[in-house]
Amino acid sequence: MWHIIKNEWIGLHRNRAFLGLSTGFMMVLLLTVVLGTLQTHLQQRQYESAKNEVRQQWENLNPMNPHGAAHYGTYVFKPNSLLGSLDEGVNGVTGKVLRVEGHVQNEIVHSEASQMQAVSKFGKLKSALLLQYILPLLLLFVAFRSVNSEKQSGRLKLLVLQGGQLQRLVWAKVLAVWLYGMALLLLTLVAYALASSSSIDANTALRVLFFFLSYGLFYFIISGLTVLLSTLGKNATIALTTMLGIWILWTIFLPNILMSTVDQWHELPSREAFKTAMKADRSKGIDGHNPSDERSKELKEQTLKKYGVEEVSQLPINFDGLRMQADEAYGNRVWDKHFGRLREILAHQKQDYQLAGVLNPFISLQNASMGFAGSDNYHHQEFLVRVELYRRDFIKTLNDKHAYGGSTTGDWQWKVDQGFFKSVSDFVYQPVRLSAVISHYFLDLVLLLAWSALVSLLLIFATRKMPLL
Amino acid sequence: MIQLIHAFKSFKGTPAIQDLSLQVNSGEVYGLLGANGAGKSTTINMLLGFVQPDSGSITIQQMDVTKVYKKVRATIGYIPENVNLYPYLSGFENLDYFCRLAGLKYNRSDLQAFLTSCGLPKEAHRKKVSDYSKGMRQKVGISIAYAKKAKVYLLDEPASGLDPLASNELSDLLKKLAAEGAAILMASHDIFRVREVCHRVGILKNGKLIQELRSEDVTTNELENLYLKYMKS
Amino acid sequence: MVGIGESSFDFRNEENASFMTSLNILGYEWKHFVRSPFKVVALLLFVAASVYGLHNGARLYETQMDEVANIEAKMSEARQECLAFYEADQKGPEKRPWVDVTAPMWAMWYANIYHFNTPSSAMEFSIGQAEQYGFYKKITTRASSYDNDLTQEIANPERLQTGSLDFAFALLYLLPLVLLIMLYNLNSMEAEQGFLPLIEVQTASRYWWLGSRMLFYIGLLWIVLLGLLIYGAYLTGVFTNAGFAFGQMLFWSSLYLLFWSGLFFLLIRNSTTILSNALKMVGAWLLFAFIIPATVHQGVSIVQPAGFMTELIDAQRDQIWKLYDLPDSVLHARIEQRFPEIANSPIAEDRKKRQMAYKASTPALFNDLVKTSIVPIEQAYRDRNQLIRWSTLFNPVTFFQNQFNQVTETHFDDYLNYRHELQSLIDQQINTLVTDTWEGKVVTPSHFENYIQDLSQP
């Protein structure tokens, strides 16, 4: 079989048009890696500069009341995804700046897409764009007449008469095309590894491996299916047009339609409806800034009882801080409820979209690619959750300082110094562990495997039934 | 009338036609014999205006092909080696389509009559061309040329791949067209068919017309021997 | 055989022969088309995708319109509540004793002035950037045109990234593909099968023949486009509300169809095989639909990277807090410098009320800070967009995409204009608040109505 594969490669190598096309494609692939890395470096520099600036402002705050500082708040910026230079995923359309402050959970804002007019519907020239859309087309053009030309030229009869096995021949054709795709994929990943060698750790390396695996499976499906059609089709044109049709359906038509459909099946609330519902629930809790609020009075009674005093002025602590924190705790529950529901809807949408991989393996590839690159919605949501957890911790630290730092109730002029502000930890984002990602994208990998198995079975079956004429 | 006078043509410095002069008169069938690469197709292509000669004069019906090739083409009936028509159209529809391309609009019975008189059985008129044999397709091709009421016919290996019966029918058709006054130039390497149907025969080698003779002056065997002699020399 | 066809009409020598030949070719092309299932299915799929896209767009339009109506209802309810206070001679809700609706500040709060970027009914043709931005905002003296609530609606980012299947998507990406499928075997099939010379002999001009055949498909697709546009127009009442937009959509989409037709004609006119035709056309489509826009996008993000808006966040937080930290005397001096006319106002003489008036005027300084911070941000927008506009010289798909967005008022510039309108309303409200507060105006129901009226128009 290796002999046939080698022969196929020699054939391809001697085709000047193919060689030119491959060389051009390789150059563009390398260019995407270079540009992607350059953009990542620029973004990283911007990110660090913005992060440092905001932190400096926080650490250099003039002495201030801790709750005042909670209102002053801070900002968290969304860092680059792990393999963002390969697959940008949702990063272009999601916000990048999140204000962290007391009482409110802000939305992430200032997406890149909102800062310029429309340019490309399919995103930037990242490696993923070429690997997902263009490379399969290249494989398709290489493979569509692989078997058919043998049949039409009569070489197939000759091969069989020479003792060659049809099965082996067809598989060799599939593998020759697939290996060509894998070589280009490998080239991209090697270039990426060289360009980003300083930032690659074990987690990233493993992600790259799964990234590679997903694409490898998809290329096998494309190579196998095209060779299959070349085997079955009356002529090469039928194989080509059918495969082109499949490519259009898989990459352009279905992802959009199915995504829009799952969005309609599991409808997200409008912002206004969402905010109104949040506000309504929030209004049932303690109003941190309103001492005459009924629930606030209740908390006061409990606190007085706990400390065994009659008046808040007798408390050894600042009751305002407790009330603020009780307000926060309630707000957090409201956030958990509403954002939890939102995340649930998004998870349902994702699940259904993943299931669409049964119809379209391209969807599985896109999901897995974004997922392993860390640029999908799951990573984005995880980032938002971590920022929210940080916000809670941050505000609690300030409210605790207000309550237990030595001030008395009603003393809003009490201030803490820079030393305290410096002691409040900054937000540190730890990328999601790969094990969590795999569990989310297991279905996509399984579907890619199932498609590969199906194509293999069809190839075996078709080769058995294949007429020589 | 078809006329080539001292025509020369070369491709990338390799001569394809060298000083070719020949004339085909009305009512005459002229056979151009030659091996592969002898220059038969180049000659036909020059006559069709697809290839411009480097020098020399090429006229059809007294019109200079190099200058008014569009006008000339309107008077030519052309039958290629393989008449591969639109496979999803019937013979009738193909004929109708090609007539319309030439600006000719015939009624149904006329079109059927053209097909029938060119030897296509009536029951095949409505069948898709994809179901036709090569001979049947060739007949549709001839009917396309015939329906154009051409005065000049250019045939490039028309009998190639045809079975003996179809080939014979083609010979009869060409004779009939010549009898109606058409000038026919047929490129071929079928010595028997050329001897049988043509009035005059020219032998082409390396782009040169090395021998021209009347069919009636030679037997098929003599023609074959002559041809082989030239090819081997 | 002689005599056959004698009765037929030979118009080869007629003046209109070429025209009639073209008509004949056009007429026959229908047969070529219907007998090619691949082409028919492609066209049907395109129609299905377009109809789906139109409904998607109409759905978004209706959702936004419903949202606008919903907020307008809430606005009206809140205003009625305030009018009821005036009628009952109350200062505000009992639970909020600090509210005084006769004071300009509270009256303006209760006026509930929202400004909408009401969607055009033509939005269904192109959703454009509508999902990137908010389209309603409450105007307050502390608002800014870059507040968080002006960000996109709650949406699945993966859907935004994949892009919604709207009509513009079908038009921009699927239409060239359908055209490609219609044309891929024209000329090349005849060449491959060896009867192209016969066609040339019959027609005298191959390009004329090819052009006539293409004309059929261009016409067919144009009719389909027109039908789809009319269908879409009826979905949201475009003829009634945005008739001009319909004409513009038709114009730009026709031009887009012609662009691809011209390009494909150049590519296929000398093709010798179906494969080379398909390769060239697919290559052109990939180049114009994928590679060039994606390269421009990548290039813009390197040359003019979208930042973290640090100028704005500095103004909204650090600089405003620094203003808070200023001693009253400095802050008041700044307000007086900003509004010199207040020196002669009635409240300027009233020491007690003056403090409240200064407080009510402080948002003007915040507003100035934010406006200053926006200048470099919007300059960066302009530079970035200029770069993208310049690229349209070789990036036609992006050019047409933005044309469609402009027609349907879903272009970046439409939302930038909306921000400018918001800023102008914020400025108006601040100026009125400062003037009325320092004038010591006691707001009556009629003043309240005037606020609603005057402060809603940018």
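A: Helices (H or I, at least four residues) and strands (E, at least two) are DSSP runs, and they are numbered from the N terminus. The model is predicted.

Start with the loop of chain B between strand E8 (152-156) and helix H6 (164-179), where Glu157(B) is found. Phi of Glu157(B) is near 45°, a positive value in a residue other than glycine. Most residues other than glycine have a negative phi. Is Glu157(B) buried or exposed? Its relative accessible area is 8%. Buried means under 20%, so Glu157(B) is buried.

Glu409(C) is not a glycine, yet it has a positive phi of about 60°. Glu409(C) lies in the loop between helix H15 (396-407) and helix H16 (412-439) of chain C. Its relative accessibility is 41%, so Glu409(C) counts as partly exposed.

Glu131(C) lies between strand E2 (114-116) and strand E3 (136-138) of chain C. Glu131(C) is buried, with a relative accessible area of 17%. Setting aside residues up to four places away in sequence, Glu131(C) touches Leu60(C), Gln152(C), Glu153(C), Arg159(C), Leu160(C) and Ser164(C). Gly440(C) is 309 residues from Glu131(C) along the chain, and their C-alpha atoms are separated by 43 Å.

Now for the close look: helix H11 of chain A. This helix covers residues 294-307, which is 14 residues. How far apart are its end C-alpha atoms? They are 20 Å apart. At 1.5 Å a residue the helix should span 20 Å, so the two values agree.

Which residues of H11(A) are buried? They are Ser296(A), Leu299(A), Thr303(A) and Leu304(A). Seen down the axis of H11(A), these buried residues fall within an arc of 135°, so they line one face of the helix. An α-helix has 3.6 residues a turn, so residues three or four places apart point the same way. The face of H11(A) turned away from the buried side carries the exposed residues Glu294(A), Glu298(A) and Lys305(A). After the helix comes Gly308(A), with a positive phi near 65°.

What do the buried residues of H11(A) pack against? Their partner is helix H12 (319-355) of chain A. From H11(A), Ser296(A), Leu299(A), Lys300(A) and Thr303(A) take part. They meet Phe319(A), Leu322(A), Arg323(A) and Ala326(A) in H12(A). The two axes come within 11 Å and cross at roughly 125°. H11(A) and H12(A) are therefore oblique to each other. Their crossing is right-handed.

H12(A) also holds Lys350(A). With a relative accessible area of 15%, Lys350(A) is buried. Leaving out residues up to four places away in sequence, Lys350(A) touches Asn367(A), Tyr441(A) and Glu158(C). Two pairs of chains are in contact, and chains A and C share the most contacts. No contact joins chain A and chain B. The closest C-alpha atoms of chains A and B lie 13 Å apart.

The crossing of H8(A) and H16(A) is left-handed. H8(A) has 31 residues and reaches 45 Å from its first C-alpha to its last. That is close to the 45 Å expected at 1.5 Å a residue. H8(A) is mostly covered, with 23 of its 31 residues buried.

Back in chain C, one more helix can be read by its faces. In helix H13 (residues 328-338), Leu331(C), His332(C) and Ile335(C) are buried. Seen down the axis of H13(C), they fall within an arc of 95°, so they line one face of the helix. On the other side of H13(C), Ser329(C) and Gln337(C) are exposed. The buried residues of H13(C) pack against helix H12 (310-325) and helix H14 (351-391) of chain C.

Notes: Residues are numbered from 1 along each chain as its sequence is written. Chains are lettered from A and ligands numbered from 1 in the order in which they are written. This is a predicted model: local features need pLDDT of at least 70, side-chain atom pairs count only at pLDDT 80 or more; totals for chains, interfaces and linings use all residues. Side-chain values use heavy atoms; hydrogens and water are left out. The expected span of a helix is 1.5 Å times one less than its number of residues. Buried means under 20% relative accessible area, exposed over 50%, partly exposed in between (1.4 Å probe, protein chains only). The arc is that of the directions from the helix axis to the C-beta atoms. Contact means heavy atoms within 4.5 Å. Axes are lines fitted to C-alpha atoms, for helices over the stretch in contact, and angles run from 0 to 180 degrees between N-to-C directions. Angles under 35 degrees count as roughly parallel, over 145 as roughly antiparallel, 65 to 115 as roughly perpendicular and the rest as oblique. A crossing is left-handed if the near helix is turned anticlockwise from the far one by less than a right angle, and right-handed if clockwise.
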